[in-house]
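Morning, everyone. I have one structure for you today. Please bring it up on your screens.

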Amino acid sequence: MTHTILYIVLYAVFNVTGAAMIKVLLKGRTLSSLGDWIGLVGNASFVTAFGLIALSALALFKALSTQNFSLIIPLATGINFILTIGAGYFIFHDRLSAFSFLGFALIITGIVVLSLNNQTHA
């Protein structure tokens, strides 16, 4: 199970890092012309970010090969969700309200319950 968690964490870190890099690249861009799109896709940082997202998929595939689908996907989603919220707050200064934290807690609780339920029936 330790290897599975490692693959899930790698999936989430690569995925969120790649998405955050693309978000930074998109800041202030409108992408309204073909030239804008070509400029973005030809950017070395974009290629690196896209590569990280591809690596995240490979890490998820490896995790899926080690355990049940109904265990891996909720865990991967939860860890990815936590890192996404953290990146949004710390890197992009997203505002989080009390309702945000309530929703966050409910989602994580649901993922934990699903995972625990799956563990007992495995």
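The accessible surface of the protein chain comes to about 7,900 Å². Carbon and sulfur atoms hold 72% of that surface. Bear in mind that this is a predicted model. Of the 122 residues in the chain, 26% are buried. The C-alpha trace spans about 55 × 35 × 20 Å along its principal axes.

Now the secondary structure. The chain has five helices and zero strands. Along the sequence, the pattern reads α-α-α-α-α. How much of the contact comes from residues 24 or more positions apart? Take the contacts with a separation of 6 or more: such residues account for 73% of them.

On to the helix packing. Two packed helices are described by the angle between their axes and by the distance between those axes. Start with helix 1, residues 2–26, and helix 4, residues 69–90. Their angle is about 40°, and their axes are 9 Å apart. Helix 1 is therefore oblique to helix 4. The crossing of these two helices is right-handed.

Which residues make that contact? From helix 1 we have Thr-4, Ile-5, Ile-8, Val-9, Tyr-11, Ala-12, Val-13, Asn-15 and Val-16. From helix 4 come Ile-72, Leu-75, Ala-76, Ile-79, Asn-80, Leu-83, Thr-84 and Ala-87. By class, the contact of helix 1 with helix 4 has 13 nonpolar residues, four polar ones and no charged ones.

Stay on Asn-80, in helix 4. Is Asn-80 buried or exposed? Its relative accessibility is 14%, so Asn-80 counts as buried, the cut-off being under 20%. Set aside neighbours within four places in sequence. Asn-80 is then in contact with Tyr-11, Ala-12, Asn-15 and Val-16.

Next pair: helix 3, residues 44–64, against helix 4. Here the angle is about 145°, with the axes 9 Å apart. Helix 3 passes helix 4 in a right-handed crossing. On the helix 3 side, the contact is made by Leu-60, Ala-63 and Leu-64. On the helix 4 side, look for Phe-69, Ile-72, Ile-73 and Ala-76. What classes do we find there? The contact of helix 3 with helix 4 has seven nonpolar, no polar and no charged residues.

Let me pick out Ser-56, in helix 3. Ser-56 counts as buried, because its relative accessibility is 1%. Which residues does Ser-56 touch? Not counting residues up to four places away in sequence, Ser-56 touches Tyr-11, Phe-14 and Asn-15. Tyr-11 and Asn-15 were also on the list for Asn-80.

Last stop: Phe-92. Where does Phe-92 lie? Phe-92 sits in the loop between helix 4 and helix 5, which covers 98–121. With 26% relative accessibility, Phe-92 counts as partly exposed. Leaving aside neighbours within four places in sequence, Phe-92 is in contact with Ala-20, Lys-23, Val-24 and Ala-87. Take Ala-20 from that list. Phe-92 and Ala-20 are 72 residues apart in sequence. C-alpha to C-alpha, they are 8.8 Å apart in space.

Technical notes:
Residues numbered from 1 in each chain as written. Predicted model: local features only at pLDDT ≥ 70, side-chain atom pairs only at ≥ 80, totals over all residues. Heavy atoms only, no water. Axes fitted to C-alpha atoms, helices over the stretch in contact; angles between N-to-C directions. Helix = DSSP H or I, 4+ residues; strand = E, 2+ residues; numbered from the N terminus. Parallel < 35°, antiparallel > 145°, perpendicular 65-115°, else oblique. Left-handed = near helix turned anticlockwise from the far one by under 90°. Contact = heavy atoms within 4.5 Å. Nonpolar A, V, L, I, M, F, W, Y, C, P; charged D, E, K, R; others polar. Buried < 20%, exposed > 50% of the residue type's maximum accessible area, 1.4 Å probe, protein only. Areas by Shrake-Rupley, 256 points an atom, 1.4 Å probe, with all protein chains shown as cover.
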